[in-house]
Amino acid sequence: MLVVSFAEQHTESKYLPMLHELAMASCDVNSLDMAGNSALSECIKKNLEDMMVSLLQLGAEGSKHMVKLIDRHSGPFYMQTKRWYEKHTPSLRQAIVNEDIRAIKRLLSHWCRVNIKHNGVSLHEEAVKLYGRQHIICDLLESHYHTMELIHSALAGNKKRVLDFKTNYRCDYNWLNRGYQKNVLKPLEPRSIYDAVKSLGHTHLLDVVPQPSISPSASDRTSENEGVTSRLCVIS
């Protein structure tokens, strides 16, 4: 919440890595301040779209209240904020509880993190309890776990964690953010981990994060947003 309070529209990009680092340090992205406001609600009020998307990727829960906050805005920023909010909601946890497999696949293709907990229970543990270990939802969470951790470590600029995942786990470096869009007037532009790291100024990671072996355009010709599944990432 404190990070969001310092950010403004022209400075929010420099705070994005902090959000990912804090989330990996087990900070609760859904925590409330004394006035009952969350980091997500404050981002929406301040029109901090990039931070809003990052929080949603990190497990922030959407609600009717958030939609009402978005609806208070007007003009092109309103359209853009609402579209990006809708792309990343319901949250991955809500999609799991609703057994919405299509939404789960979409959220994973938008880089929503798997390694989060709700009331001390991980998403995978919750899925196993609800549906059993052999359910497709458990398979999706397991097969994307390490790739998502690598991605969010890279977004945080945490080279040590990136190297750990690169060395010890098989991760899919071709896993693109298929929800990426420069603005609402531009077409979807699937983004690689390498390009995302570069845009955040993490030059210290460019030698350890490989460029994808397939181009975004080639990938789009072979798979659709909601249907793709990571081919390489496995949990061990």
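Residue numbers start from 1 along each chain as written, and side-chain values use heavy atoms, leaving out hydrogens and water. Since the model is predicted, local features need pLDDT of at least 70 and side-chain atom pairs count only at 80 or more, while totals for chains, interfaces and linings use all residues.

The chain has 13 helices and two strands (DSSP runs: H or I for at least four residues, E for at least two, numbered from the N terminus). Of its 236 residues, 50% are buried (under 20% relative accessible area, 1.4 Å probe, protein chains only).

Now the pockets. On a 1 Å grid over the protein atoms alone, a pocket is an open set of points where a 1.4 Å probe fits, with protein on both sides within 12 Å along at least five of seven lines; lining residues have an atom within 4 Å of a point. Volume is the space filled by probe spheres set on the points, which are joined across faces, edges and corners.

| Pocket | Volume | Lining |
|---|---|---|
| Largest | about 590 Å³ | 26 residues |

In the largest pocket, Leu16, Asp50, Val53, Tyr180 and Arg191 sit nearest the centre.
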